[in-house]
Amino acid sequence: QGRDHVLSMMHSCDPDSPWPNDSTLQFTTLWCKWVKLEAQSVTLNLRDFPQNLVDISTLALWGKLAGAELKPGKRATRTHMVKVEQPFTHIAVERSLTPLKFYYDLACDVETLCMAYGSCWEPAITQCSQVSAYLLGTSLDPLHSLTWQFRFQLTFRISSQ
């Protein structure tokens, strides 16, 4: 019953994507939460820059947020040996290569939103891109690697419209 409610919510958040039959979907992670965030002020500063990159006043964010990770197939798992010192023994850990995807139906009210961008920010944004590539990992696709914006967009299923 809970699984069906989460899948229904995921379908409503992303109705344009092709969905396989719900009975064939198997998940290692599946959850859905109602979230609510309120803040009087949110500021994002980068070191050595006097101007804020993002400055938000009176933020309210609410809605449904779901996370799902499909059960990996045989070719989507890797076994790694974790070597530890004595008195412990080495252990084999099986890693899943399927991504954790987020689905959301969020609403937002903001009183003031100020964002800065320009030629002086370009080196700082490049640094953020490099750090996000380190955190999100590089694509194993041998063709073209995606920019951090597209990886973020795919990870959080953000529409570019």
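## Basis of the description

Helices (H or I, at least four residues) and strands (E, at least two) are DSSP runs, numbered from the N terminus. The model is predicted: local features need pLDDT of at least 70, side-chain atom pairs count only at pLDDT 80 or more, and totals for chains, interfaces and linings use all residues. Residues are numbered from 1 along each chain as its sequence is written, and side-chain values use heavy atoms, with hydrogens and water left out.

## Nonpolar cores

A nonpolar core is a set of buried Ala, Val, Leu, Ile, Met, Phe, Trp, Tyr and Cys residues joined through side-chain atoms within 4.5 Å. Buried denotes under 20% relative accessible area, exposed over 50%, and partly exposed in between (1.4 Å probe, protein chains only). The largest such core has 9 residues, namely Val6, Leu7, Met9, Met10, Leu25, Phe27, Ala66, Ala68 and Tyr103. At least two residues of this core come from each of α1 (2-13) and β2 (54-70), and α1 provides the largest share, 4 residues. A second, separate core comprises 7 residues, including Val54, Ile56, Ala124 and Ile125.

Ala66, a member of the largest core, is in contact (heavy atoms within 4.5 Å) with Met9, Met10, Trp31, Cys32, Lys101, Phe102 and Tyr103, leaving aside its neighbours within four places in sequence.

## Backbone features

Thr58 is found in strand β2. The phi angle of Thr58 is near 50°, a positive value in a residue other than glycine. Thr58 is partly exposed, with a relative accessible area of 32%.

The loop between β3 (77-82) and β4 (91-96) contains Pro87. The peptide bond from Gln86 to Pro87 is cis, with omega near 15°.
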